[in-house]
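Open the model in your viewer and keep the selection panel at hand.

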Amino acid sequence: MTNDGPVEHGYPHLEQVRASITALWKRLSYDTVQTFATSVAPVDVAFCDTDDLHLGAQRVARELVRHYRLPDARLVVGFREMTHAANVELTAGPEYFVELNDRFRTHRRDIGAALAHEIMHVYLHRLGLSYPGTGDNEILTDTATTYLGAGWLLLDAYREDAASSQKLGYLTPEEFGYVLAKRSLVFGEDPSVWFTSAQAYTAYVKGMARAREDEQQPPLTAAGWAGRRRYARDRRHGGSGPGPGVPYAFTPDGGGLRVSFPCPTCHQRIRVPVRGRVRARCALCRTVLECDT
């Protein structure tokens, strides 16, 4: 949690975010991901200053448990002084203890954001999906929270001006915007209408622009002129290896070539023959891609 400190911006964790999206698709499958097509509604996690603190927190926790489809999980929410925004004790269940920073006693509108992240820890724990490093695991948790429909709360908790700042989660605001945009492109859902933070909206717009760039990389037909020219040059060299930062790679295939590139939806790598116009279908997320190889 950033509280009146500097907020990191940009995309320093982008590759790990993409790896987390792929891991989610692999672990959950296409059918399960589709069950999260509708995000948590603002009215279901709203928290007024007049609401009872503990009863309200329990109500929001139950709503998030329902959203994540954890019907047999029971959350007990408490408050204490701590450095981080929140903490959850991961046990065999079905009862889990979540502690929230005392700051949320007076910043109740963001309780849903903190709980969304902590309850996702429970969800991933039950799935058996994790990374060995704490940092990578927290990035996975933020990514999963956002991709599965509750992370717009985390982005909306981001507020920054000349005198103060607040941000929850481990992703930067732009990275939250990027994952939220990736979700929006899959489900056709526009989360921007729910933002109460102007800074959150700006981060979402930037994230959407970055997500759109994923759909405009060669060999996809939507690639721009500069990308197509670079791709043609690399192809002429017979797959000797494109430069750093280039998403595609060539490999010999009998007397010809194959090109591999990340699916713009789930980032699973797709491999197709180099033979002009090709229509490829991602086996993981079922996205159909128009390619000019």
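Start with strands 2 and 4. Strand 4 covers residues 95–101, runs parallel to strand 2 and is joined to strand 2 by seven bridges. Helices (H or I, at least four residues) and strands (E, at least two) are DSSP runs, numbered from the N terminus. This is a predicted model: local features need pLDDT of at least 70, side-chain atom pairs count only at pLDDT 80 or more, and totals for chains, interfaces and linings use all residues. Residues are numbered from 1 along each chain as its sequence is written, and side-chain values use heavy atoms, with hydrogens and water left out.

Select V77 next. Its bridge partner in strand 4 is V98.

Two strands pair if DSSP finds at least two bridges between them.

A pocket, on a 1 Å grid over the protein atoms alone, is an open set of points where a 1.4 Å probe fits, with protein on both sides within 12 Å along at least five of seven lines; lining residues have an atom within 4 Å of a point. Grid points are joined across faces, edges and corners, and a volume is the space filled by probe spheres set on the points.

Colour this lining by element. Strand 3 (86–89) and helix 3 (111–127) each supply at least two residues. Helix 3 gives the largest share, five residues. Then colour by class: eleven nonpolar, five polar and three charged. Ala, Val, Leu, Ile, Met, Phe, Trp, Tyr, Cys and Pro count as nonpolar, Asp, Glu, Lys and Arg as charged, and the others, Gly among them, as polar.

Move to the largest pocket, with a volume of about 410 Å³. Select E15, R18, P247, P262 and H267, which lie nearest its centre among 19 lining residues. Helix 1 (14–34), helix 7 (198–214) and strand 8 (256–262) each give two or more residues to this lining. Helix 1 has the largest share, four residues. The classes are eight nonpolar, four polar and seven charged.

Keep H267 selected. H267 sits in the loop between strand 8 and strand 9 (269–273). Its phi is positive, about 70°, although H267 is not a glycine. Most residues other than glycine have a negative phi, and most peptide bonds are trans. Is H267 buried or exposed? At 12% relative accessibility, H267 is buried. Buried means under 20% relative accessible area, exposed over 50%, and partly exposed in between (1.4 Å probe, protein chains only).

Go back to helix 1 and pick S29. Phi of S29 is near 85°, also a positive value. S29 is partly exposed, at 31% relative accessible area.

Finish at P218 and P219. The peptide bond from P218 to P219 is cis, with omega near 15°. P219 is in the loop between helix 7 and helix 8 (225–236).
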